[in-house]
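Here is a short report for a first look. Keep the sequence and the 3D view open while reading.

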Amino acid sequence: MRNFGNETMREDWHRLGVVSVMLFHFLLFSYSQTNQQWRDSLNVLNKQIAKSAWSTDLHLRKAAVNMELHQWEYAATEYSQILEHEPQHLSARYYRAYANSRLRRYDLARRDYEDVLREAPQNLSVRLGLSNVLQQLGHKQEAIDQLNLAVEQHPDSAVTYASRAALERDMQQFDAALYDWEQAMERDGRNTDYVASCVDLYLTLGLRDEARRALDKAVERGIPRGMLREWYRKCGKK
């Protein structure tokens, strides 16, 4: 597991700037661990914490295991303790926001995401997290505003367009959603979820020819035709 030590504020800010990379490595490592191994790790960490003076590193490690085990309440508590000792610890605030969002404490999650964005306004993961929380709170226009900023700051990111497209469809802004799905596919042409979402919207609007063209273009970009067979069937084409 990654060693989250007592870094300086500058180092912590930098870590938030590459949080998506950190999450990738954390998840990559987690696949090699069974649930029981995570629980064993948690037992070891609890014993170390009980025998030691305060250690931010140990509490961060414990919180990470809590997160892996979906123990959102315990994780949120750990991050809150860390923030009592180090109020400027951005990673702890970010992950507490995520844990609280899983606990449906959306107001608390929103506050933390906004606090982090004040220090790391270019961070895509944080802005997407805030947008999701705003949607859960029913503030869809504010969520769109956050996604607009994300697209402006990260114009090469497929996930920014896909996230905005999903919300635009929910808001029945179909033309905007179609544009954003197309932009997402331009940036990640082999993502079958993007293709399926775009084709589904075309079919919902009765645009079968456009749906078939989108499928054909996806095949040209390298998606195996067999993976799209069901969508071709819905378009009336084998």
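## Basis

This is a predicted model, in which local features need pLDDT of at least 70, side-chain atom pairs count only at pLDDT 80 or more, and totals for chains, interfaces and linings use all residues. Residues are numbered from 1 along each chain as its sequence is written, and side-chain values use heavy atoms, without hydrogens and water.

Two packed helices are described by the angle between their axes and the distance between the axes. Helices are DSSP runs of H or I with at least four residues, numbered from the N terminus. Axes are lines fitted to C-alpha atoms over the stretch in contact, and angles run from 0 to 180 degrees between N-to-C directions.

The axes of α4 and α5 come within 8 Å and cross at roughly 160 degrees. That makes α4 roughly antiparallel to α5 (an angle over 145 degrees). Their crossing is left-handed: the near helix is turned anticlockwise from the far one by less than a right angle. The contact (heavy atoms within 4.5 Å) includes Thr56, His59 and Leu60 of α4 and Trp72, Tyr74 and Ala75 of α5. By class, its residues are nine nonpolar, four polar and two charged. Ala, Val, Leu, Ile, Met, Phe, Trp, Tyr, Cys and Pro count as nonpolar, Asp, Glu, Lys and Arg as charged, and the others, Gly among them, as polar.

## Thr56

Thr56 belongs to helix α4, residues 56-68. Thr56 is buried, at 1% relative accessible area (buried means under 20%, with a 1.4 Å probe and protein chains only). Its side chain makes a polar contact of 2.6 Å with the side chain of Glu86. Such a contact is a pair of N or O atoms within 3.5 Å, one able to donate a hydrogen and the other to accept it; for residues adjacent in sequence, both must be side-chain atoms.

## Helices α12 and α13

Helix α12 spans residues 192-204 and helix α13 residues 208-220. Their axes lie 8 Å apart, at an angle of about 165 degrees. The two are therefore roughly antiparallel. α12 passes α13 in a left-handed crossing. Among the contact residues are Val195 and Val199 of α12 and Ala211 and Ala214 of α13. The contact has eight nonpolar, no polar and two charged residues.

## Two loop residues

Most residues other than glycine have a negative phi. His70 has a positive phi of about 60 degrees. His70 sits in the loop between α4 and α5 and is exposed at 51% (exposed means over 50%).

Arg104 also has a positive phi, near 65 degrees. Arg104 lies between α6 and α7 and is exposed, at 67%.

Methods: Angles under 35 degrees count as roughly parallel, over 145 as roughly antiparallel, 65 to 115 as roughly perpendicular and the rest as oblique.
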